[in-house]
Amino acid sequence: MKKPILVVMAAGMGSRYGGLKQIDPVGANGEAILDYSLFDARRAGFETVVFIIKHEIEEDFLNMVGKRIEKSGMEIRYAFQQLDILPPNYTVPEGRVKPWGTSHAILSAAEQIDAPFAVINADDYYGPEAFKVIYDYLSTHADDEKYEYAMVGYQLQNTVTDNGHVARGICVTDSEGYLDSVTERTRIEKYAGGIHFSTDDGETWTDVPGETTVSMNLWGFTPSFVQEAKDRFAAFLDKALVENPLKGEYFLPSVVSELIAENKARVRVLTSSDKWYGVTYKADKPVVMQAIAEKTSAGLYPAPLWK
């Protein structure tokens, strides 16, 4: 079995955040959240990282992140998520600027993925525990009669922000700890009485318990997932180009849910007690900076991170 690799989705331009949040410094020596994820991944065992970016941010990313990560000793590969990476006979709708989503990001990196792989968002802090459990799983499980996938689940209350809404995959698990379903909710917010989500731009709301397991897009896949995502992309486009041509997204959880429903895959839900941190909004940054400073003072990270 090949050693697992790490795939980092960093092509989103951060529209709600107002800038390139993937490379915004949060550490005392200019480190981004991504630096801490790579540090945690490296000490968990990952030796290769694939960055999925856009050509529009390539120069800034290489200068502000890539050069630092070179000090980690990891092998670095790059892939580019561009709107025109589509099946034959499909074209980008006029006016479309939004990326096609997380499953499309994986398709964009297909040539760079040659081993079991973990997937993360560039702008989310996952904590050391998450990388350890996903690396250990990928190192010891291969596809059998079903695809053997995994995800790291977090408690919803550990993943929301005080500064606006977030998108999370709401998970349902079975009695053996495998994923039954995951539903992407793109507008989840805290309020005075708890946490709720809306599917109609805030017209109506549904409460969600804080202990609910959610996906933070930390998945573990075998290479089989890449082919499955490719095979299903055209069907997604046929629907999205009619219903939501400018903003429809091909989400990872959607493909996973289809594979579970078809009894082709099972997904072990691993858990992490770490608290999530992220910079969905500008107002999130001071909170993240304080958390990183406290973790560094406690000895979890060296300063500077890369020496």
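The model is predicted, so local features need pLDDT of at least 70 and side-chain atom pairs count only at pLDDT 80 or more, while totals for chains, interfaces and linings use all residues. Residues are numbered from 1 along each chain as its sequence is written, and side-chain values use heavy atoms, with hydrogens and water left out.

Two packed helices are described by the angle between their axes and the distance between the axes. Helices (H or I, at least four residues) and strands (E, at least two) are DSSP runs numbered from the N terminus. Axes are lines fitted to C-alpha atoms, for helices over the stretch in contact, and angles run from 0 to 180 degrees between N-to-C directions.

The axes of α1 (residues 33-44) and α2 (residues 58-69) come within 10 Å and cross at roughly 25°. The two helices are therefore roughly parallel (angles under 35 degrees; over 145 is roughly antiparallel, 65 to 115 roughly perpendicular and the rest oblique). Leu34, Asp35 and Leu38 of α1 make the contact with Phe61, Val65, Arg68 and Ile69 of α2, where contact means heavy atoms within 4.5 Å. By class, this contact has five nonpolar, no polar and two charged residues (Ala, Val, Leu, Ile, Met, Phe, Trp, Tyr, Cys and Pro count as nonpolar, Asp, Glu, Lys and Arg as charged, and the others, Gly among them, as polar).

Turning to α4 (residues 128-140), its axis and that of α1 come within 8 Å and cross at roughly 40°. That angle makes α1 oblique to α4. Here Ser37, Asp40, Ala41, Arg43 and Ala44 of α1 meet Pro128, Phe131, Lys132 and Tyr135 of α4. Five nonpolar, one polar and three charged residues take part in this contact.

Serine 37 sits in α1 and is buried, with a relative accessible area of 1% (buried means under 20%, exposed over 50%, and partly exposed in between, with a 1.4 Å probe and protein chains only). Leaving aside neighbours within four places in sequence, serine 37 is in contact with Ile120, Asp124, Tyr126 and Phe131. A polar atom of the serine 37 side chain lies 3.4 Å from the backbone oxygen of aspartate 124.

Isoleucine 5, in strand β1 (residues 5-9), is also buried, with a relative accessible area of 3%. Not counting residues up to four places away in sequence, isoleucine 5 touches several residues, among them Phe46, Val50, Ile113 and Phe117. Isoleucine 5 and leucine 138 are 133 residues apart in sequence and 9.3 Å apart in space, C-alpha to C-alpha.

How values were computed. Polar contact = N/O pair within 3.5 Å; in protein donor to acceptor, adjacent residues only side chain to side chain.
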